[in-house]
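Biologist: Let us go through this model by question and answer. Please keep it brisk.

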Protein chains: 2
Amino acid sequence: MSAKEILRDHISKTISLTDDQFDYFFSHFKPQSFKKGQSIITAGDVVDAEYFVLTGCLKSFYINDDIKMYILQFAMPTWWASDYNALYANTRATINVDCITDTEVLCLHNADREKLCSEIHAVEHFFRWRTNKGYVASQKRLLSFMNNDAKSRYEELLRMYPQLYNIVPKNLIAAYLGVSRETLSRLYHS
Amino acid sequence: MSAKEILRDHISKTISLTDDQFDYFFSHFKPQSFKKGQSIITAGDVVDAEYFVLTGCLKSFYINDDIKMYILQFAMPTWWASDYNALYANTRATINVDCITDTEVLCLHNADREKLCSEIHAVEHFFRWRTNKGYVASQKRLLSFMNNDAKSRYEELLRMYPQLYNIVPKNLIAAYLGVSRETLSRLYHS
C-alpha cells in the first residue's frame, strides 16, 4: 500500500472523509525516512510535530540521571509517536524518539493538526478518539507498574505488538517491561 | 458558584459556547450527591457515565489479588473521573471510584457526551483537549513509576493538588505514591 492508502485505511476505522477532504487532510503530512539508530526527537529539542509510522519501528524513551533507559512506547506501523507532553504544552522534549529499524513516517505539525481539527469536525473526532485510546493504554500500563506485575506487562506487550519479538532486541523489551534481562528470560520461557 | 457556573467556568478555559449552546450542553448533566465512603463505580459494574466533581473529593483505585489498593487518581473540584477503560471500550469496570468526603458531581452519560460532541464541534474540541491533558499527566506518572522516583511523584502530587493534605488521610496519599507510610513520612519531612 502507498503512504496515502495506509493513512486512509487507518483513519477510516474511526471516521469517513470524502475523497476531497482526505486529499486535503493528507496534503498536510510530510513523508520522512530515517535510518536505523537515527534520532527523531532528542531531549531538549523544541517539539512541533508528531509522526505516523508507515514502515519500521520507533521507540520513545527516557534516560534518567543514572543513564538508565526507560522505554515508554514502541511505535510500529499505523502507530503515532511524539513527545506529547512537549508537543501539547509547547515545552522542550524530556523524552527521546529514535529508530529501532529503518523507518518511514508521515510527519504532521502541531499547527496543521489544530488547523485540520478546526476546519473538519470529523478530523477533530478522529484525534479525540486516538487520544482516548492512548489514555486508556497509558492507564493500564500505569496500573501494571503500580502493581509491579511484570507478567501482565509482558502479556499485554505480546497482545499489542505480536510481531515485536522478531524486530526488537531483548534488552529493549526488558527496558519496556522495566525488568532485568534475566527476569525477561524467565517470563519468556514460562 | 452554582453547578452551572462551575461547569461554564471550567469549559470556558478551552472553548466558547453561546448561552443557548451552554444551556443545551448543561441540560445533559445530572446533579448527584454522595456521602463520604459511598461507592460510585465498583469493579464489575457496567460503566456508562463519567463524573465532573463540583465539591468534595473522589478516588479511583484498583484492588489486586492480594487485596492491596493502588490509587490511580484523586478527583477534586473541576476534575473528571470514571473508569475510562470500561467507559470507552464498553466493558465492565476493573477499577473502583468512591468518595473520600461528601461529594457533589455532575454525571454525564457516554451516549450524551458522544451526541454533544457530534452536534457541537466546539464540544468535541473541549473533550479532545481534556483527554490530551489526561494522557500527558498519565505518561508523566508512568515515567515516575518506571524510574521509581517517589520524591518526584510526591512533588507532582503537591503541585497538582495543593489542598490535598488537608482532605486526604496519609494512608491514601501513600497508596497514590506507591510507597509505605514510613517512606511518605520521610518525603513529608525532607
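Biologist: In which loop of chain A is A:Cys57 found?

Modeller: First, the ground rules. This is a predicted model, where local features need pLDDT of at least 70, side-chain atom pairs count only at pLDDT 80 or more, and totals for chains, interfaces and linings use all residues. Residues are numbered from 1 along each chain as its sequence is written, chains are lettered from A and ligands numbered from 1 in the order in which they are written, and side-chain values use heavy atoms, leaving out hydrogens and water. Helices (H or I, at least four residues) and strands (E, at least two) are DSSP runs, numbered from the N terminus. A:Cys57 sits in the loop between β3 (49-55) and β4 of chain A.

Biologist: Is A:Cys57 buried or exposed?

Modeller: Buried means under 20% relative accessible area, exposed over 50%, and partly exposed in between (1.4 Å probe, protein chains only). Contact means heavy atoms within 4.5 Å. Not counting residues up to four places away in sequence, A:Cys57 touches residues including A:Phe74, A:Asp98, A:Cys99 and A:Val168. The relative accessible area of A:Cys57 is 0%, so the residue is buried.

Biologist: What separates the C-alpha atoms of A:Cys57 and A:Val168?

Modeller: Along the chain, these two residues are 111 residues apart. A:Val168 is among the residues that A:Cys57 touches. Their C-alpha atoms are separated by 8.5 Å.

Biologist: Which residue of β7(A) is the bridge partner of A:Ile41?

Modeller: Two strands pair if DSSP finds at least two bridges between them. Strand β2 (residues 39-41) of chain A is joined to β7(A) by 2 bridges, and β4 (residues 58-63) by 4 bridges; both pairings are antiparallel. A:Ser60 stands opposite A:Val97. The partner of A:Ile41 is also A:Val97.

Biologist: Which residues of β7 (residues 96-99) point the other way from A:Asn96 and A:Asp98?

Modeller: A:Asn96 and A:Asp98 point one way from the strand, and every one of its residues is buried. The other way point A:Val97 and A:Cys99.

Biologist: At what phi does A:Ile67 stand?

Modeller: A:Ile67 lies in the loop between β4 and β5 (69-75) of chain A. At 67% relative accessibility, this residue counts as exposed. A:Ile67 is not a glycine, yet its phi is positive, at about 65 degrees.

Biologist: What area is buried between chain B and chain A?

Modeller: 37 residues of chain B are in contact with 37 residues of chain A. Buried area is the accessible area (1.4 Å probe) that two parts lose on being put together, summed over both. Carbon and sulfur atoms give 65% of it. The total is about 3,600 Å².
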